[in-house]
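Subject: A structure for you to look at

Hi,

I am passing a structure on to you, and I hope you enjoy exploring it.

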Amino acid sequence: MTKLVILDRDGVINEDSDAFIKSVDECIPVPGSIDAIARLSKAGYQVVVATNQSGIARGLFDEFVLARIHQSINDQVEAAGGIITGFFYCPHGPDDGCRCRKPLPGLVEEIVQQLTVTVSNAPFLGDSLRDLQAAQSAGCEPVLVLSGKGQATLDAGLPADLANIRIYPDLAAFSDSQLGVDQS
Ligand SMILES: O=P(O)(O)OC[C@@H](O)[C@H]1O[C@@H](OP(=O)(O)O)[C@@H](O)[C@@H](O)[C@@H]1O
Ligand SMILES: [Mg+2]
Ligand SMILES: [Zn+2]
């Protein structure tokens, strides 16, 4: 069975900003994240990204810039020996009533349709509560990382039905644990 990991982007793969990530130059990898993705990929995991990008709806950047940002991330992962299978994003704003904006499960539904993979209990890593809720509603395993907005998410208190989820300092720590578990 394909091993799949779903990653939120801002705050997990790259540093987040309250001013949004509007260009390739603003996209700074979280330390260790590129290598962590490559290690998962080399160990046989399909790694996909599920990200809210309301900056498009807000007119801060367009889908061509977003594609360049994602190409830049994947180029770095490929240089480290891995690959990201796909980037799935919601371009809409909070009031657009779409199904693909996390915490709704629409991005995961797109992943299932396009990759014909099972997502049941696939780890879905995020730094925001909406990431964890999207994971939960799509049947994935919600995993919190404390990079980006993650520490603030934890400090705000997780809902009872998310109280026992796995929590890691960052994506690199998750990959160390996940690969260590797989090699046992
Ligand atoms: O963490 P992911 O899903 O990869 O991407 C989050 C970004 O799209 C932006 O999402 C915005 O939330 P609103 O879209 O304004 O609610 C803000 O949180 C920004 O700081 C953040 O950069
Ligand atoms: Mg995030
Ligand atoms: Zn959407």
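Let me start with the zinc ion (ligand 3): its site is tetrahedral, with angles of 102 to 118° among the four donor atoms. For comparison, the ideal angle for four tetrahedral donors at a metal is 109.5 degrees. Please keep in mind that this is a predicted model.

Which protein atoms are the donors of the zinc ion (ligand 3)? They are the SG atoms of Cys90, Cys98 and Cys100, together with ND1 of His92, and they lie 2.0 to 2.3 Å from the zinc ion. Along the chain, these donors follow the spacing C-x1-H-x5-C-x1-C.

Now to ligand 1, which sits in the largest pocket. It is surrounded by 16 residues, and the closest are Asp16, Thr51, Asn52, Ser54 and Arg101. By class, this shell holds ten charged residues, five polar ones and one nonpolar one.

- Thr51 has a side-chain N or O atom 2.6 Å from an oxygen atom of ligand 1.
- Arg101 likewise places a side-chain N or O atom 2.6 Å from an oxygen atom of ligand 1.
- Arg58 has a polar side-chain atom 2.7 Å from an oxygen atom of ligand 1.

How much of ligand 1 does the protein bury? Taken alone, ligand 1 exposes 510 Å², and the protein buries 88% of that.

Happy viewing, and write back whenever you like!

Best wishes

Notes: Residues are numbered from 1 along each chain as its sequence is written. Chains are lettered from A and ligands numbered from 1 in the order in which they are written. This is a predicted model: local features need pLDDT of at least 70, side-chain atom pairs count only at pLDDT 80 or more; totals for chains, interfaces and linings use all residues. Side-chain values use heavy atoms; hydrogens and water are left out. A residue is near a molecule or strand if one of its heavy atoms lies within 4 Å of it. A polar contact is a pair of N or O atoms within 3.5 Å; within protein, one must be able to donate a hydrogen and the other to accept it, and residues adjacent in sequence count only if both atoms are side-chain atoms. Accessible areas come from the Shrake-Rupley method with a 1.4 Å probe; for residues, only the protein chains shown count as cover. On a 1 Å grid over the protein atoms alone, a cavity is a set of points where a 1.4 Å probe fits but cannot get out, and a pocket is an open set with protein on both sides within 12 Å along at least five of seven lines; lining residues have an atom within 4 Å of a point. A molecule sits in a cavity or pocket if more than half of its atoms lie within 2 Å of its grid points. Ala, Val, Leu, Ile, Met, Phe, Trp, Tyr, Cys and Pro count as nonpolar, Asp, Glu, Lys and Arg as charged, and the others, Gly among them, as polar. Donors are N, O and S atoms within 2.8 Å of the metal (3.2 Å for Na, K and Ca); water is not among the atoms, so sites may look incomplete. Four donors count as tetrahedral if all angles lie between 85 and 135 degrees; four count as square planar and six as octahedral if opposite donors are over 155 degrees apart and all others between 65 and 115; anything else is irregular.
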